[in-house]
Amino acid sequence: MILSVLSALAEPTRLAAPQILHDGDKHCVCDLMRRLGVTQGRMSRHMRVLKQAGPLIDRRNAQWLRYRIKPDLAPHLRRLLDAAWVEGVIA
């Protein structure tokens, strides 16, 4: 699973998205696309890749999917995400 997560995070937008989700709230694609400057279709694709890799979950809220980091994410994957933020990898 760690290789899947690393592969998913290799794209800049997918690397930046978990930083927004790091606050523990659920964020809709509309919020993520506005903050990251990408289209709805592109943001949805990026989030699907991250979800399939394992660190995210989603929940439908009317027309939007809301994403968040898995609360039960394996500790080694949580440390991987945390390291990216601590080291300033995500701007």
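This is a predicted model: local features need pLDDT of at least 70, side-chain atom pairs count only at pLDDT 80 or more; totals for chains, interfaces and linings use all residues.
Local features are reported where pLDDT is at least 70 and side-chain atom pairs where pLDDT is 80 or more, while totals for chains, interfaces and linings use all residues. Residues are numbered from 1 along each chain as its sequence is written, and side-chain values use heavy atoms, with hydrogens and water left out.

The largest nonpolar core has 20 residues. Such a core is a set of buried Ala, Val, Leu, Ile, Met, Phe, Trp, Tyr and Cys residues joined through side-chain atoms within 4.5 Å, where buried means under 20% relative accessible area, exposed over 50% and partly exposed in between (1.4 Å probe, protein chains only). At least two residues of this core come from each of helix 1 (2-9), helix 2, helix 3 (29-36), helix 4 (40-53), strand 3 (64-69) and helix 5 (75-86). Helices (H or I, at least four residues) and strands (E, at least two) are DSSP runs, numbered from the N terminus. Leu21, Met43, Met47, Leu50 and Leu56 have the most contacts inside the core. Beyond four places in sequence, leucine 56 touches residues including Leu21, Met47, Leu50 and Tyr67; contact means heavy atoms within 4.5 Å.

Arginine 14 lies in helix 2 (residues 12-21). Arginine 14 is buried but has no salt bridge, that is, a side-chain nitrogen of Lys or Arg within 4 Å of a carboxyl oxygen of Asp or Glu. The nearest side chain of opposite charge belongs to glutamate 11, 4.7 Å away; in this count Lys and Arg are positive and Asp and Glu negative, with His and the chain ends not counted. The arginine 14 side chain does make a polar contact with that of histidine 46, at 3.2 Å. A polar contact is a pair of N or O atoms within 3.5 Å; within protein, one must be able to donate a hydrogen and the other to accept it, and residues adjacent in sequence count only if both atoms are side-chain atoms.

Histidine 27, in strand 1 (residues 27-28), is buried because its relative accessibility is 8%. Its side chain makes polar contacts with the side chains of aspartate 23 (3.1 Å) and aspartate 31 (2.7 Å).

One disulfide is counted, defined as a pair of cysteine sulfur atoms within 2.5 Å. Cysteine 28 and cysteine 30 form this link, with their sulfur atoms 2.1 Å apart. The link is left-handed, with -70 degrees about the S-S bond. Cysteine 28 is buried at 6% relative accessible area, whereas cysteine 30, at 27%, is partly exposed.
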